[in-house]
Amino acid sequence: MKQSFGMSQSGNLKEALRGLHSPQFIMLLSNQPQFEEHVKELERCFPGVPSIGCIGMSYQTQVVENGVGVIAFSDGVKAAAGVLEDVTTMPVKYIHRLERDVQAVGGSRQDTVCIDFCAGNDACVLTTINTVLQRTGIPLVGGTGDQGRVSVNGRVYENAVAYGMVRNLNGRVKTYKENIYHQYGNYRFIASNTDRANYILGSLNGKPAKQVYESILHVTDQEILTRTFQNPFGKINGDDTCIISIKEVHGNALACFRQVNDSDVLILLELGDYQAITKNTIQQICRDFPRRSAIFSVNCLFRYKLFSERNYMQTYLREMSALGSHAGFVGYGEHYNNRFVNQSMTCVVFE
């Protein structure tokens, strides 16, 4: 298969599509003012080609912050695109669409992946999608777009998740998740007084969450807002840790970017040697895939900000490009199989 990336920093879609021929699956990453116009124009240019899109930043060897990016697969891909609507209330109502598309594309965990762009209620959406994907073990990689809108096959949807079922006809696929954090101290917390709908973390071990966080790290209310780059929470999930980013102070509680439930077991994390960790990820991919056609990744907005502040973002993209054709987008949350995570990188590698 072949992956193509086109972009325009000024938002000129024709410029981003220049040189793209016979795509079999397209992903559109656009800016807010031009999103609907770009969705319609893309469909006019490539009618009937399965496509999904959202509002967000894209990247290859550089980041497109406010323009438009197009990532396309061709030469040996079988794909279908669809949408689950009403994600805040009942996405399962539309599950037959995903079942139909999984059947149409065929494939298995060895050669097929689901890529999704979500407009909200991610944890519920992933649980819903997983009821279908778990039957075949097909993995999923995706993330959250901006402004609550996604697109599928030339149409814009609100309160929905767009998905693409992509089968590699020429080799394997495999998904990866990269965590650049490790446990800080031996702290272990039981969450309580949570507000699941608003992602509020009220108490840790029976004490106000804000007080606990500030007393351990010796920070102020104002410093909490940026401290999550260095010290987010982690939720124990089997042998894995899902990162939970802190959004803001909410009275004596903490508002997060990911749902926390009563009785969840949390730990405190700290930033590790991210340069060494990303190099290890690259080395692992090279060991698993001596021959690579493409890598599509989702990087968290907070990773993008952290790497940019530390003048590492361009180096990171250059190192990832050494793998071959690498492109992706900056998400407001990352998806890995049935898990909704923060401050992570998820990707799918095509042989």
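In the second largest pocket, the lining residues fall by class into two nonpolar, five polar and three charged. The structure described here is a predicted model. The space in this second largest pocket comes to about 230 Å³. Its lining is made up of A123, T127, K235, N237, R258, Q259, N261, N338, R339 and F340. Helix α4 (122-133) and the strands β19 (233-237) and β27 (339-341) each contribute at least two residues to the lining of the second largest pocket.

The largest pocket has a volume of about 430 Å³. A total of 26 residues line the largest pocket, and those closest to its centre are Y199, K247, C256, F257 and Y332. Two or more lining residues come from each of β10 (146-152), β21 (246-250), β22 (253-256) and α8 (301-309). Of these elements, β10 gives the largest share of the lining, with three residues. Sorted by class, the lining of the largest pocket holds 12 nonpolar, 10 polar and four charged residues.

Strand β22, one of the contributors to the largest pocket, deserves a look of its own. Which strands pair with β22? One partner is β16 (residues 200-201), which runs antiparallel to β22 and is joined to β22 by two bridges. In this pairing, I200 lies opposite A255. The other partner described here is β21, also antiparallel, with four bridges to β22. Here H250 faces A253 across the pair. The strands β21 and β22 form a hairpin with two residues between them, and in this hairpin G251 adopts a positive phi near 65°.

Rolling a probe the size of a water molecule over the atoms shows where empty space is left. Counted in this way, there is one cavity of 30 Å³ or more, and the volume of the largest cavity is about 30 Å³. Around the largest cavity stand V39, L42, S51, S151, V152, N153 and G154. Both α2 and β10 provide at least two residues of this lining. The lining of the largest cavity comprises three nonpolar and four polar residues, with no charged residue.

Helix α2 (residues 35-45) has F35, H38, V39, E41 and L42 as its buried residues. Two of them, V39 and L42, are also found in the lining of the largest cavity. The buried residues of α2 pack against α1 (13-17) and against the strands β2 (25-30), β3 (51-55), β6 (68-74), β10 and β11 (155-158).

A further helix, α9 (residues 313-321), has M313, Y316, L317, E319 and M320 buried. Why do these residues lie on the same side of α9? They cover an arc of only 160° around the axis, and this places them on the same side of the helix. An α-helix has 3.6 residues a turn, so residues three or four places apart point the same way.

Methods: Residues numbered from 1 in each chain as written. Predicted model: local features only at pLDDT ≥ 70, side-chain atom pairs only at ≥ 80, totals over all residues. Heavy atoms only, no water. Buried < 20%, exposed > 50% of the residue type's maximum accessible area, 1.4 Å probe, protein only. Arc of directions from axis to C-beta. 1 Å grid on protein atoms, 1.4 Å probe; cavity = no way out; pocket = protein on both sides within 12 Å on 5 of 7 lines; lining within 4 Å. Points joined across faces, edges and corners; volume = space filled by probe spheres on them. Nonpolar A, V, L, I, M, F, W, Y, C, P; charged D, E, K, R; others polar. Pairing = 2+ DSSP bridges. Contact = heavy atoms within 4.5 Å.
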